[in-house]
Amino acid sequence: MHIAHINISAPQDVLVEEKQFFCQVFGLVVGERPNFTRTGYWLYAGDKAIVHLTESEQNYRSRRANYLDHVAFQLSDLDGLIAILKQLGTDFNLSKLPELGMTQVFFKSPAGIGLEASFLNQK
């Protein structure tokens, strides 16, 4: 089993901002999307649409606490990601797990989605 995709449902102006952020930070590209009744975008990593953005006037940033902390992506260019996040003025926290040979970068998208970028074989 694997996670097929994540979906973010929000008003159109939020989706545009999320689309730009995910494409710039993770190198995703906008690709084909079925002709659904609601507009949106599918963002691809290679041939897989891993982030779905769906227009919704019913979904707004939650004021209540929820239990989903973050979504993680495994990447390979730690320095490149840090440079992009600094350029965008996005706050982030770095965590090193030497026993796993992993570095984690935690940050939030413009809509407040918790994100992690994991890098293996980092010192």
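## The E6–E7 hairpin

Strands E6 and E7 make a hairpin with four residues between them, and Gly101 in that turn has a positive phi of about 65°. Strands here are DSSP runs of at least two residues, numbered from the N terminus. This is a predicted model, where local features need pLDDT of at least 70, side-chain atom pairs count only at pLDDT 80 or more, and totals for chains, interfaces and linings use all residues. Residues are numbered from 1 along each chain as its sequence is written.

E6 (residues 92-97) pairs with E7 in the antiparallel sense over six bridges; pairing requires at least two DSSP bridges between the strands. Across this pairing, Leu94 stands opposite Val105 in E7.

## On to E8

E7 also pairs with E8 (residues 114-120), in the antiparallel sense over seven bridges. Here Lys108 faces its opposite residue, Gly114 in E8. Five residues lie between the strands of the E7 and E8 hairpin, where Gly112 takes a positive phi near 90°.

How much of E7 is covered? Strand E7 (residues 102-108) is mostly covered, with five of its seven residues buried (under 20% relative accessible area, using a 1.4 Å probe and protein chains only).

## A pocket lined by E5

Now to the second largest pocket, which is lined by 13 residues; Ile3, Ile50, Val71, Ala72 and Phe73 lie nearest its centre. A pocket is an open set of points on a 1 Å grid over the protein atoms alone, where a 1.4 Å probe fits, with protein on both sides within 12 Å along at least five of seven lines; lining residues have an atom within 4 Å of a point. Strand E5 (residues 71-75) gives the largest share of this lining, five residues.

Terms used. Heavy atoms only, no water. Buried < 20%, exposed > 50% of the residue type's maximum accessible area, 1.4 Å probe, protein only.
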